Amino acid sequence: MDLVIARPEGLYCPPGDFYIDPWRPVERAVITHGHGDHAHTGNQHYLAAAPGEGILRQRLGQDINLQTLEYGESITHHGVKLSLHPAGHVLGSAQVRLEYEGEVWVASGDYKVEPDGTCEPFEPVRCHTFITESTFGLPIYKWAPQSEIFSGINDWWRENAAVGKASVLFAYSFGKAQRILHGIDPSIGPILVHGAVEPLNRVYRAAGIRIPETQYAGDFKKTDPALRQALIIAPPSAGGSTWMRRFGEFSDAFASGWMMLRGPRRRRGVDRGFVLSDHADWPGLLWAIENTGAERVMVTHGSVAILVRYLREQGLDAQGFTTEYGAEEDEVPATPEPTGEATA
Amino acid sequence: MKAFAELYSALDATTSSNAKLAAMQQYFSAAAPEDAAWAVYFLSGGRPRQLVPTRLLREQAIALSGLPDWLFEESYQAVGDIAETLSLLLPQAEHSSDEGLATWMENKLLPLRGLPPEELMERLPTFWSQLDRLSLMVCLKLITGSFRVGVSKLLVTRALAALADIDSKRVAQRLVGYTDLSHRPSAEGYLKLIAAESEDEHAQRGGQPYPFFLAHALQQPVDQFETLLGPAENWQVEWKWDGIRAQIVKREGRLWIWSRGEELVTERFPELHSLTQSLPDGTVIDGEIVVWKAPVIETETAQGFTLDTPAPGTPDADTPSVQPFALLQQRIGRKTLGKKILEDVPVVILAYDLLEWEGHDWRSRPQHERRSQLETLITQCDSPVLLPSPVLTGTDWLDLGKQREASRSLGVEGMMLKARDSMYGVGRTKDMGVWWKWKVDPFSVDAVLIYAQRGHGRRASLYSDYTFAVWDGPEDASERTLVPFAKAYSGLTDVEMRKVDAIIRKTTVEKFGPVRSVTPTLVFELGFEGIALSKRHKSGIAVRFPRMLRWRLDKPVAEADSLATLQDLLS
């Protein structure tokens with residue numbers, strides 16, 4: 001029996017009568033993580049991992065009807081045993097493990113396999129059927145260790161500061177921004193953030209994640225000498241806006257897995273592209289799939305057709321699931337989503 | 001190699017000319033002269049022929065990465081550049097080579113050409129294992145002859161001039177011909193580029209041509225010309241020929257022909273070799289190589305005219321005249337020129353400037369003086385392959401504007417305006433006088449987008465290359481289909497292109513590899529410079545330089561133009 005099927009409202013568990021990350025309002029929604037393409041408003045009941053509570057309430061409303069589970073804790077609903085396990089994507093992100101009549105399915109939402117210090121690292125969960133994303137489902141996507149990326153960012157910031165240029169780094173405000181703040185060397189200079197980033201910093205700090213001191217960029221005057229030494233973290237939507245004018249002469253950069261390729265990097269029109277993603281790269285996807293021991297794999301958002309074909313050639317029973325998560329099949333986002341929600 | 005790869009990366013990362021200049025100066029001041037010599041070669045557009053077939057590189061990457069063929073292909077489609085794809089899929093290595101660009105080129109890469117596949121399969125992986133990803137990508141670009149980075153030759157010239165502290169026009173002069181295939185960059189050659197200026201540099205060397213003086217587009221309405229340019233009588237006006245811009249250099253008893261791309265093309269135009277006898281030593285002529293013959297009246301209509309009758313006239317079978325560029329194109333790419341093609345497509349040079357006379361550089365003499373000496377020379381020469389590009393006269397700009405209306409029927413692109421007292425500049429400079437090209441408006445039709453393909457480089461993964469069709473019947477025809485006739489990929493803004501990309505994804509009917517067919521919903525006004533009959537195209541028509549002039553959001557698909565519109569343009 002299929003424990004998860006694709007319905008117009010979202011991924012649905014028939015025996016349990018609930019949805020996972022539905023994109024239309026439903027009675028019961030299990031939320032894997034707080035990014036806008038996975039966590040929608042309007043559901044009657046929410047279930048999510050406890051470390052993600054602050055994020056969900058901050059984004060969906062303080063008064064949502066939310067029940068939380070610790071990672072590994074389980075509940076049973078209509079005979080379906082459900083537990084949540086770390087997905088390593090952002091703070092509070094979870095894989096949903098479902099067990100019913102001896103059959104185990106895991107829906108992973110979005111995940112990343114390299115531990116990053118800002119959330120519980122990804123944990124492979126044995127299952128019969130694994131539902132995987134495929135955002136970077138091509139072998140050209142291979143991430144360098146994040147320590148290398150952070151030292152690249154530090155070097156760039158230092159070089160700019162040395163010549164009195166502000167360093168503006170575009171990163172999605174939830175997850176990527178905090179991961180960068182956690183990973184860089186805060187001794188280089190002052191760190192400023194956009195108004196969209198700071199509320200999430202507070203949630204991370206409250207969760208005990210080390211986020212260095214940040215100041216609100218809007219409080220600075222163009223003439224403030226601190227700007228010449230500063231790193232400014234802003235969502236991609238701030239690029240090219242009047243908000244940027246306050247920084248005078250600056251170098252800009254974008255942190256995203258899409259920066260792996262020259263075309264998207266050039267199209268973005270920034271000075272530097274740092275290849276830093278919250279998603280698994282190609283080896284990461286294959287490693288995760290292998291470690292679940294699943295014989296059946298359902299592929300969602302990203303390079304669906306490609307990953308399905310590849311897994312079939314490896315002898316797995318793979319199929320695509322149509323969802324409204326992330327970008328459409330084979331579509332590399334040419335422009336950042338204006339909300340800055342879908343992550344990369 | 002690593003230093004050059006880092007230079008590439010720095011140049012690629014910025015759009016600021018100053019940042020690019022700084023990056024080049026930094027590279028040149030640190031590089032060994034032999035490496036700098038090759039860097040100048042590649043940065044100013046030099047490309048050795050492909051050293052290893054792309055097919056073989058693909059096969060090797062597939063073998064080394066252990067990926068299935070189709071997955072390699074999908075990856076390539078997403079990346080849009082073969083060198084970059086290979087660099088991403090080949091096994092990663094620590095950078096261990098400290099050899100410079102010159103050693104890589106001369107000892108490793110150039111010797112690859114023509115090696116048997118087995119040998120290449122063995123030798124190449126030993127190269128890959130010495131290079132980090134960036135150096136590997138740049139190395140592959142050098143191998144495939146696809147190295148391009150956003151610097152102009154002018155910018156390279158400026159970087160070298162600043163480094164050597166000499167005039168950049170002098171460097172431009174020394175750089176002419178530097179990227180020709182016959183030229184092998186060397187430390188000695190590079191040091192000459194940046195050497196201090198010497199007295200005897202003026203004495204000309206071998207077949208070295210001068211940097212071409214290039215024209216700027218003039219787009220204002222003719223009634224503003226008087227204000228903009230002054231009276232017409234101060235200008236030398238000529239037709240703008242649709243041929244191959246060339247310099248003929250005659251020195252030391254020898255003849256050299258250089259194309260505008262600073263490529264030596266002497267061998268491609270044997271009928272001009274008689275000029276070796278007719279031209280005196282120390283002569284350099286600037287002009288246009290065109291096909292020159294009597295038209296075959298039955299099949300071709302009023303294209304071309306004779307020099308004796310620079311106004312539109314009825315061409316007859318006996319009087320030779322300029323023929324469409326399409327004919328010249330037939331012989332451009334050929335390695336060997338058979339007797340038949342030389343008979344069918346004979347060329348002459350229409351001379352319009354004299355850059356060197358009796359061994360002296362005449363470029364700083366006024367236009368009218370150069371022209372007058374040129375005419376004397378042509379008369380004395382009396383060669384059937386050396387003709388003057390006629391000077392057009394009119395009472396005023398309006399009168400010239402009227403004459404210009406005949407451009408299409410004459411097979412020319414419009415007019416050239418050259419100030420009578422201007423010097424001959426370098427490239428697109430404006431400080432020594434200006435040449436204006438006053439082109440006629442392009443042909444245009446409203447066409448329907450029917451296929452789309454993803455672009456390359458900056459536009460990889462965006463559907464940016466389109467195939468356009470017109471209807472094969474009038475709007476009231478009971479049944480009609482769309483016939484493809486042109487491909488175009490330029491003319492849209494980035495914003496428009498993203499919108500079109502989104503529509504293409506939504507209206508896709510079928511995918512064939514990288515190509516998608518779409519439900520016809522998009523109409524564009526396509527512009528093109530020339531149109532000719534063609535057996536190779538389904539529509540029976542080939543157009544030149546097609547590009548999108550604007551997106552006709554106002555026009556329904558049914559109201560796009562038909563083949564009949566194109567056929568009308570032919571006559």
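**Two helices side by side**

Guide: Let's start with a pair of helices. Helix 4 (residues 54-65) of chain B packs with helix 6 (residues 82-89) of chain B at an angle of about 20 degrees, their axes 10 Å apart. Helices here are DSSP runs of H or I with at least four residues, strands are E runs of at least two, and both are numbered from the N terminus. Axes are lines fitted to C-alpha atoms, for helices over the stretch in contact, and angles between N-to-C directions run from 0 to 180 degrees. This is a predicted model, where local features need pLDDT of at least 70 and side-chain atom pairs count only at pLDDT 80 or more, while totals for chains, interfaces and linings use all residues. Residues are numbered from 1 along each chain as its sequence is written, and chains are lettered from A and ligands numbered from 1 in the order in which they are written.

Visitor: How are helix 4 of chain B and helix 6 of chain B oriented to each other?

Guide: Angles under 35 degrees count as roughly parallel, over 145 as roughly antiparallel, 65 to 115 as roughly perpendicular and the rest as oblique. Helix 4 and helix 6 of chain B are therefore roughly parallel.

Visitor: Which residues of helix 4 and helix 6 of chain B meet?

Guide: Contact means C-beta atoms, placed from the backbone, within 7 Å. From helix 4 of chain B come B:Thr54, B:Leu57, B:Ala61 and B:Ser65, meeting B:Ile82, B:Leu86 and B:Leu89 of helix 6 of chain B. By class, that contact has five nonpolar, two polar and no charged residues. For the classes, Ala, Val, Leu, Ile, Met, Phe, Trp, Tyr, Cys and Pro are nonpolar, Asp, Glu, Lys and Arg charged, and the others, Gly among them, polar.

Visitor: What about helix 3 and helix 7 of chain B?

Guide: Helix 3 (residues 33-43) and helix 7 (residues 101-109) of chain B pack at about 75 degrees, with axes 7 Å apart. That makes helix 3 of chain B roughly perpendicular to helix 7 of chain B. Their contact has six nonpolar, no polar and two charged residues.

Visitor: How many residues of chain B are in contact with chain A?

Guide: 25 residues of chain B are in contact with 18 of chain A. Helix 5 (69-79), helix 6 and helix 20 (494-506) of chain B each give two or more residues to that side of chain B, and helix 5 gives the most, with five. That side divides into 10 nonpolar, seven polar and eight charged residues.

Visitor: Which residues of helix 5 of chain B are buried?

Guide: Buried means 20 or more other C-beta atoms within 10 Å of a residue's own, exposed means 12 or fewer, and partly exposed is in between, with C-beta atoms placed from the backbone. The buried residues of helix 5 of chain B include B:Leu71, B:Phe72 and B:Tyr76. Their cover includes helix 7 (304-313) of chain A, along with helix 4 and helix 6 of chain B.

Visitor: Where is A:Glu101, and what is its phi?

Guide: Most residues other than glycine have a negative phi. A:Glu101 has a positive phi, near 50 degrees. A:Glu101 sits in the loop between strand 9 (94-100) and strand 10 (103-107) of chain A, and counts as exposed because it has 9 C-beta neighbours inside 10 Å.

Visitor: And B:Asp382, buried or exposed?

Guide: B:Asp382 is exposed, with 8 other C-beta atoms within 10 Å. Its phi is positive too, about 50 degrees.

Technical notes
Two residues are in contact if their C-beta atoms, placed from the backbone, lie within 7 Å.
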